[in-house]
Amino acid sequence: MLQAMIQKLVRQAGTRDPFEIARQKHIIITEEPLGSIRGYYSRSHRQPVIHINSALSESQRRFTCAHELGHALLHPKANTPFLHSRTLFSVNRYEIEANRFAVWLLISDEDLAEYPDRTIPQLAQIFGVTPALMEHRLKGC
């Protein structure tokens, strides 16, 4: 279960900060110009690397780091850029899982409790995620 995995991860790391968790997990983070790509996860000589577009805003970099951390922890050996560009294998499942990982990591129950009367679109704007991801986070699945 994703929520239990994230609770354990946060407890062990002592933070929800995806940059700090990546550092603790010895995952290299690079920020570089990537054009229209927000970020990607790769492994080079067994070393995990998260690449983040340096042109993103702070909140976009944080979500992208959390998303790519999801790939690193949930799909450590999957090369999604290769699978997407060179095979017929659908990477949608991996992307959905990484998005769910990110939203559960970044938005705690305590964070949500601060905004009890807000709508899904309002919460999505507050937390910098899509309404669909916010709906998923609120449903708890």
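## Crossing of α3 and α5

In this predicted model, helices α3 and α5 cross in a right-handed sense (the near helix is turned clockwise from the far one by less than a right angle). Helix α3 spans residues 58-74 and packs against α5 at an angle of about 120°, the axes being 8 Å apart; axes are lines fitted to C-alpha atoms over the stretch in contact, with angles from 0 to 180 degrees between N-to-C directions. The two helices are therefore oblique to each other, a class left over once angles under 35 degrees (roughly parallel), over 145 (roughly antiparallel) and 65 to 115 (roughly perpendicular) are set aside.

Contact (heavy atoms within 4.5 Å) involves residues of α3 including Phe 63, Ala 66, Leu 69 and Gly 70, and residues of α5 including Tyr 94, Ala 98, Phe 101 and Leu 105. By class, twelve nonpolar, four polar and three charged residues take part; Ala, Val, Leu, Ile, Met, Phe, Trp, Tyr, Cys and Pro count as nonpolar, Asp, Glu, Lys and Arg as charged, and the others as polar.

## Helix α5

Helix α5 covers residues 92-106 and reaches 21 Å from first to last C-alpha, close to the 21 Å expected at 1.5 Å a residue (1.5 Å times one less than the number of residues). Its buried residues (under 20% relative accessible area, 1.4 Å probe, protein chains only) include Tyr 94, Ala 98, Phe 101 and Trp 104.

## Whole chain

The protein has eight helices and three strands, DSSP runs of H or I (at least four residues) and E (at least two). Of its 141 residues, 39% count as buried.

## Basis

Residues are numbered from 1 along each chain as its sequence is written. Local features need pLDDT of at least 70 and side-chain atom pairs 80 or more, while totals for chains, interfaces and linings use all residues, and side-chain values use heavy atoms, without hydrogens or water.

Notes
Buried means under 20% relative accessible area, exposed over 50%, partly exposed in between (1.4 Å probe, protein chains only).
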